[in-house]
Structures are given as C-alpha cells and as structure tokens.
Number of protein chains: 2
Amino acid sequence: VNVKQNLQPTSQGPGVVLSAIIRGEASTKSAIEAATGLSRPTVAERVRVLSEAGLVKETNRRMSSGGRPATVLEFDPRSSVSLCVDIGEERTRVALADLRAEIIVETVLEIEVAEGPRAVLSAIASAGRALLAGDEVAGSPLGGVGVGLPAPVDFGTGRTIGWSVMAGWDGYGVKEHLAREFGVPVYVDNDVNLLLLAEQRLDWPDEQHLLFVKIGTGIGSGLVVDGRINRGSLGAAGDIGHAHVSGYGDPLCRCGNRGCLEALAGGWALARDLRERDPGYAEVSSARDVVATIRRGDPDAVALIRGAGRILGEAVAFATSLLNPAVIVVGGELAKAGDQLMAGVRELVYQRSLPLATKNLIISPSRLGEEAGVLGAAFLVADELLDPDRIDRLLGTSPVSGRRKETAPVAG
Amino acid sequence: VNVKQNLQPTSQGPGVVLSAIIRGEASTKSAIEAATGLSRPTVAERVRVLSEAGLVKETNRRMSSGGRPATVLEFDPRSSVSLCVDIGEERTRVALADLRAEIIVETVLEIEVAEGPRAVLSAIASAGRALLAGDEVAGSPLGGVGVGLPAPVDFGTGRTIGWSVMAGWDGYGVKEHLAREFGVPVYVDNDVNLLLLAEQRLDWPDEQHLLFVKIGTGIGSGLVVDGRINRGSLGAAGDIGHAHVSGYGDPLCRCGNRGCLEALAGGWALARDLRERDPGYAEVSSARDVVATIRRGDPDAVALIRGAGRILGEAVAFATSLLNPAVIVVGGELAKAGDQLMAGVRELVYQRSLPLATKNLIISPSRLGEEAGVLGAAFLVADELLDPDRIDRLLGTSPVSGRRKETAPVAG
C-alpha cells in the first residue's frame, strides 16, 4: 500500500516563517510562533536570518494584543527583482517585476523567434541589462529570470521539445545561456502555461480546475488540475493545436500533419481562408490582420471567426468532458476579436456536453492584456525563489531548540 | 503571491510513524527516529499507541546495527478488513480485503443497478455480513467500506451526479446507507476511478501521468495527473462516453444526445450495429455477447470492433494531446476481445498525435481481471484509513517532548 505522500518532515526553517508572513497569516514573532508551532528562540533566529537576507523587514508599526506591543514584520517584495521574458513568434516582451509579480518596467523587442536562439537571447540580455540599470529598480538585485517560449518545454531542462514554431531552437540551452548572462536561477516554461499562471493568480485564485485556451496564430492550452499546473509526462500537456478534429475536411497543417485544430481555426488558417476567398484579402497574413478584418465588421471574416469558434468549441467540449473544469478561459489575439468567437465556443460546449459537466461551468474571455505573459513569468520566478524548501537550503535550517540535522546552505 | 501550499505543519503524531513502517523506511524505533526526526521518547509513545490500536506489532525478529539488537516492528495489514464493493450495471462484486489490498474472500451478486439503491445495498449488506462471519477473516474487525458506482460520483458526499445508467439512484445516500449498516467510514467513488487506482498501484506504481479507458457496455475513463487521481471540479472528470465524436454520423445515444463516443463504439452500440446488420445477431445485446461473437471470429464483428478501436482512438488521441500521459491503459469487457480493438486505438493515436506526445507513450491493455474494481476499492479504503492525518486524529498527537497542542481523538 502506498500511503499518501505526506511523510516528508516539514521544514522548521526560515521558509515556513517567510511563507506565514507573505500569506498574511502572521506579522509578529508571537503570531509566527502560533502559526508555525515553532519555539520563540527558533522564530527569533529565523526572522533574523530572513532580515539579513533582505526578505523581511521590521516596520515602525507595532501591534498590541494585551502584552508588550510587538514589532510588525513585513515581506519586502523588492528584496530582489525578476527578469520576465515572454518570447513570441513575432516579438518579445521583457520586463522587471517584484516578488509580488508587480511589473516595474518593461520593453518590447521587435525580433522574431526565427532569428534563432543566439540573436534573440542576446537581444533579451541587452534589454534586461538596460532595464536593470534604470532608476525604477532602485538598486534591488536581480533574483531570477523567467522565460516563456512558444513551444512545448521540458520544464526541468528548459529546452524546447517536439514540433513547434521554434524549429531552430531545438535542444538549445536557453536556461544555460541566460544563467551565464545573469548568474541567477533561470526558469523556462511554455508560454501558454505562463498565461495560465497569470490568469489563475489574478482572476481565479480559488479555482482548482481551470482550462486556458490560447487562440492566436496557433492554438495551445494549459491545465490547472487540483490547483496546480499540469505539464504532463514530458511537458507537452495542453498542446491541442495539433490534435485532429474530424468532420471539417483535413487541410494540411504547418506541422506536416492534416486536419489539426490550428489548421482549421488558428489565426494563420483563418488568414489563409480569407486570402483564398477574395483577392481583396491578399495582405491578410497574421492573427492581428484577421482581427483587424473582423473589427471592420467584414461579413466574410465574421462568419469565419464564428465558425472557428465552433471548431474550437468541439475541442473545448471534449476537454470539458475529460477534465470537468470549473472555469474555461479563452485568450490570445483572436479572443480579442469580439463576441463571435466566444459565441461559437459556448454554442458547441453547451450542445456537446452532459449537463453535469457544464452545470457550474464558467466560460470567460481572458481579461488580461499584452502583459499576461511577463506577469506569468513573474509569478513563476517568485514561486520558485520563495519556495520554502529553497529558502531553507539557502538560509539554513540549523535547529535552535529543535532536533533536526543542519543542512549546509546551497548557493542559488 | 501565493507561495506553494506546504505551510501546514507536518504531524509529529503516530501517522508519520505508521507511514514510515508501512513504506518499509524504518522497522526499528531508532530507524524511525532517523526517518522522522522525532525524539526517542516521542517515537516510543507513538509505537505504543499504534500497537494498542493493533496497527503495528512487535515481531520476534531482532535487528542489530552495532549496539543492542532492536525489536523489528511490523505493520499488521489484518488489524482491520475492508468491505470492497464493485457495483456494475448487471452484477455486483463484494469482497473483503486486508489493509495491503489483498483480497481475502469474495462473492458475486447477480443483481442489476436498475433494481434501485435499497434493494442493491441491502443485498450488499447481507453479503458483506456473511463474508465477515466467515472463518477467513479470523476476527479482524471491519475498518471501512469502499464502493465503486457506474456513474459520476461527488467524492465528498458519495452521491451520484448527472446522467448515468444509475437513473433511480440520483442523490441517494449510498454512504449513509452503508454507514448505518456497518458503523464504519464509507468511501464511494466512480467505478472507473477504482479500476484506475488498482491499475496504478499494481502495474504502474512509478508513473505520474496515466490515462485509463474502460470500454464495456458504455465508455468511461480515469486520469492520474502528477501521481494523483484527477476527479475534476464536480467529480465528472473522465466521463468521455458522452463526448461528441464528429465524422461518424450522429446516432442517438442512451443519454438523449447524438454522436456520443459510446453511441459509436460502446458495447451496447456494437450490439445494436450487429443486430441491424443481420437477423442472425438478434440475440446479441450486451458487451459480453459482442465479445463472444468476436471470439468466434465472425468477420462482421471483427470489422466492427476494429472500427470501434479507431473511433475510440480518435478520442484517446485527443486526450493524448491534451494530457501528455506516459501510459494509456485500455480495460473493460471489450478490451478482452483480442488485439483488434487495441490495433484500432494504436493506429489512430499514432496517426493523429505529434511525435512528442507519443515518443515514450505506452498503450497497453489492462492486465487486471474481474477483481480490479474491488481491488481499487481496497486501495481506496486503505489509503483513507491509513492517512497519517486521520491516524493522528484517531490516536492523538499529544506532544511528548514537542510543542504542539493536543488534539482530541475523533471517532472513526
């Protein structure tokens, strides 16, 4: 019998103390004692270590609960800044954020992934250094780098895997490249997972089961299962753009297969359909162009996007049966084209699902803007840097009145 | 910033001590001290409490690691037995199992769910009492009841939800009924989740991402994501039998919708297709009958099952893109019909998926037999009864040299 896996002894180190402060569960030493079960001298030692590391600061405020007023402790989200990078097919956004994922400053680079990893990552490194030298950062050190890539990513190694628009990047060490440039931990994930992370934290923090679908040039998705992002066994979970949809002809996809979801409903496919329909659309090539056409109210384009919504809805309906999500969020360039896409998605999901699966289901367009990718990167970096186990490894867990073995600090 | 949710102080109670013994991590008091970080007097107290509860016993074996030989402690899987129930559309299996999910004794009741909850649960209670009175149990008390239902189940309340073949059971308190009968905790889950649990524990214990598909009279599935069963937001995850599959006509389904997966490829649909094909098949009505026809090598039936494999493969291919599982297991009555079904599934999955998603993918027929459902129920009950938090609630976590507050024992 495999009993549930909660045997690991919980840290008594500074990590849990920091978490209690960040989560607002305790802001004085005695409240930390109560929240964590740690002894008074242990808490004092943990707070001292966290203060030295700049993560916690004593404020001038004092809180009284009967006895001597206690100093109020605060998490300092500016103890380090994160470099947040959202690499897109056609442009890349670079931002600095604090440890609460507030964007401090940002810039957009007009560089295409097709220029290859060295060119793109060099441009990112230059932009990042320029931002770090700015006044806005006010001397906060760089703590970590978070990067989203428009490709399936092996989260452990940070390398792209499998077919994607990042053909020239296969197996390139994005993580190593940026770690060399900046000398801090680098975390690399699929871009849709970062959008999902931002959506979850900012708009749906209490939902445990979330499906995020991005429909732009291509189509991708991301899954929150039991409150955590599900990356699948190799990091390819959510890669539905190349799932087959039957019944709509089998047009050739850019992946080389036929009948893929994005070959039917992705931005590039809709641009193709418009061009084929009328020479007047000869200039329509990107998802952005398609959106502009729809916004002009062009009937051809409106019918096309409604149809795309239905086809996307077929896939989303299946995912709804399989995953029973509480919330489905639709984002990406084409989701900005107005209500027609969402109407098509909703039509098919409600038509094709058992009443139970759609009983309390919310289907919502994304409310986040262009910054969603770098916001997601900021959450990713903050989660990793503030992870209690990592804090313990960095700052030590030497027992004060405890019984645990000392762990040697590990460099970040 | 929501930092990761591992702030809850880990138990220092008997639960972690029991887990260390069950998992084979420690079998002497000093090894338990090392594995858990608990002090010598705390470990002694925890072992005393666990022994009194019958969960742990001192063996005659002794283990020496230099000093005085230490008594070897063992988990007693017969400290209680579990009543394991697999309710099927046409029959119900009832078994007693120990806490390692070894079946001790079992029986099959020829009773249909259509007879309604009172009749079925009364029959189960009688059968359970008869098994408990048998010599095989040798006086082990009943610890808990696990039940699988052929319907989506709200795992918290144990009630069926949404459309299923259990029409007359809607909202019936299965949990309460059996708790009244037996006076022990009752756990109720969807039957496919229990099959999945048995598959995972017995055949794929190291896999974190597993998709289990059951194809019998109807079609259902179950998901392991990051090592845990994913039930979705309402308990309906995996209910793909009523997901729509385009491109095969839209035959009427027994749920009232059209074009559902099971209306195309489920056992009842194949029986329907055979009957429509030739009056000689007039007697074919169940999945079992269909399998018999295929086993006779009847070309009509073989072509039909191969086609059903392809249709099922469409759904499985989509699920593969969405979930990126490491292993797909196909079980249920029709999976026993030989290689044709699996060939159809494999054909579509490999044709329709990106190479990455199928790179290391294993697609395997289930190797478990008729007992899989009750085995799953046995694992479910053992997991719940031996959960460290529950053990702590039952047996107390009074500190010996610790600092934690005493928790009043809670009746099971």
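Two strands count as paired if DSSP finds at least two bridges between them. The views below come from a predicted model.

**View 1. An open sheet of 5 strands in chain A.** The strand order is 12-11-10-13-14, and the pairing is mixed. Strand 12 (228-230) and strand 14 (362-365) of chain A each have a single partner strand, so one side of each lacks a neighbour in the sheet. These two strands form the edges. From one strand to the next, the twist averages 25 degrees.

**View 2. Strand 11 against strand 12 in chain A.** Strand 11 (residues 219-225) runs antiparallel to strand 12 of chain A. The two are joined by 3 bridges. A:Leu223 has A:Asn230 of strand 12 as its bridge partner.

**View 3. Helices packed on the sheet of chain A.** Helix 10 (residues 299-323) of chain A touches strand 10 (210-215), strand 11 and strand 13 (327-331) of chain A. Its direction makes about 165 degrees with that of strand 10 of chain A. Helix 11 (residues 339-352) of chain A touches strand 10, strand 13 and strand 14 of chain A. The direction of helix 11 makes about 165 degrees with that of strand 14 of chain A.

**View 4. The interface of chain B and chain A.** Contact involves 81 residues of chain B and 82 residues of chain A. About 6900 Å² is buried between the chains, 58% of it on carbon and sulfur atoms. The count of salt bridges is 0. Polar contacts link 20 residue pairs, both residues at pLDDT 80 or more.

**View 5. The side of chain B that touches chain A.** Several elements of chain B each supply at least two residues, among them helix 1 (14-22), strand 11 (219-225) and helix 14 (388-395). Helix 10 of chain B gives the largest share, 7 residues. By class, this side has 35 nonpolar, 29 polar and 17 charged residues.

How values were computed: Residues numbered from 1 in each chain as written. Chains lettered and ligands numbered in written order. Predicted model: local features only at pLDDT ≥ 70, side-chain atom pairs only at ≥ 80, totals over all residues. Heavy atoms only, no water. Contact = heavy atoms within 4.5 Å. Buried area = accessible area lost by both parts, 1.4 Å probe. Salt bridge = Lys/Arg side-chain N within 4 Å of Asp/Glu carboxyl O. Polar contact = N/O pair within 3.5 Å; in protein donor to acceptor, adjacent residues only side chain to side chain. Helix = DSSP H or I, 4+ residues; strand = E, 2+ residues; numbered from the N terminus. Nonpolar A, V, L, I, M, F, W, Y, C, P; charged D, E, K, R; others polar. Axes fitted to C-alpha atoms, helices over the stretch in contact; angles between N-to-C directions.
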